[in-house]
Amino acid sequence: MTRLIGISDIHGEYDKLCSVLEQVCPQKEDTIVFMGDYIDRGAKSREVVDKIISMQDVCHCEYLIGSHEYAMMHAQNDDYYNYLFWNYGGDATAKSYGGFDNIMKLHGDFFRGLKFYYISGNYFFIHAGIRIGIPLEKQSPEDMVYIRSEFYNRKHNLPYKIIFGHTEFDKPQVQDDKICIDTGCGKYKDAHLTAIVIENGKESFVASE
């Protein structure tokens, strides 16, 4: 049977990503939605990006943009995002790539191709969330990668269950209309990377070992 697999907030933790993928064991018919924040904090951002790109050879993959990619891509032309990038782990990313300029040189096509959300059946994948009450086509890019409590503390009005990351919790947060799978990978040393696996309308979770 086909599965929908969501993975978010890897933050340069290559070994934890590999652990999750080995346990999930993606098959050709599966779809993996990588939900952003591949870079920063952990030591292996470049390896993470190489790995998730290579997963296209295994199964269908969708790639979303996270707050850290958004900041990185705006860092050179905006002082605010430059501050965010360098103060939230961007130094580790630059080191991983052998310098900031190499990030877009090596993976520019990948980063420029990232989507803000992905819909499959009854599920809506996004990095951070939406601003409730605003039509989907009018959502701001910043909200979709940065919003927090204004989204997850309220029920939304979309006809989907929203799978999101960005705001870390000790374990996946399951609500009637949304599920957060960010469990602090990259931010806390002992935190796990968590994937959601959706099969036949049932949701389960896989954590890095």
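Arg 3 and Asp 30 form a salt bridge, with 2.8 Å between the closest N and O atoms; the term stands for a side-chain nitrogen of Lys or Arg within 4 Å of a carboxyl oxygen of Asp or Glu. The pair joins distant parts of the chain, 27 residues apart: Arg 3 lies in the segment before strand 1 (4–7), and Asp 30 in the loop between helix 1 (14–24) and strand 2 (31–34). Helices (H or I, at least four residues) and strands (E, at least two) are DSSP runs numbered from the N terminus.

Arg 3 is buried at a relative accessible area of 16%, and Asp 30 is buried at 1%. Buried means under 20% relative accessible area, exposed over 50%, and partly exposed in between, with a 1.4 Å probe and protein chains only.

## Basis of the description

The model is predicted: local features need pLDDT of at least 70, side-chain atom pairs count only at pLDDT 80 or more, and totals for chains, interfaces and linings use all residues. Residues are numbered from 1 along each chain as its sequence is written, and side-chain values use heavy atoms, leaving out hydrogens and water.

The whole structure holds 8 salt bridges. One of them joins Asp 109 to Arg 112, at 3.2 Å from N to O. Both residues belong to helix 6 (residues 101–112) and are 3 residues apart, about one turn of the helix. Asp 109 and Arg 112 are both exposed.

Lys 155 and Asp 176 form a salt bridge at 3.7 Å, N to O. This pair spans 21 residues, from the loop between helix 8 (149–152) and strand 6 (161–164), where Lys 155 lies, to the loop between strand 7 (173–174) and strand 8 (178–180), which holds Asp 176. Lys 155 and Asp 176 are both exposed.

Strand 9 (residues 194–199) pairs with strand 10 (residues 202–207) in the antiparallel sense over 6 bridges; pairing requires at least two DSSP bridges between two strands. Val 197 is opposite Ser 204 in strand 10. The hairpin has 2 residues between the strands, and Asn 200 takes a positive phi near 55 degrees.

## Packing of helices 2 and 5

Helix 2 (residues 45–54) packs against helix 5 (residues 90–97) at about 70 degrees, with the axes 7 Å apart. Helix 2 is therefore roughly perpendicular to helix 5, a class covering 65 to 115 degrees, while angles under 35 count as roughly parallel, over 145 as roughly antiparallel and the rest as oblique. Axes are lines fitted to C-alpha atoms, for helices over the stretch in contact, and angles run from 0 to 180 degrees between N-to-C directions.

Ser 45, Arg 46, Glu 47 and Val 49 in helix 2 are in contact with Thr 93, Ser 96 and Tyr 97 in helix 5, contact meaning heavy atoms within 4.5 Å.
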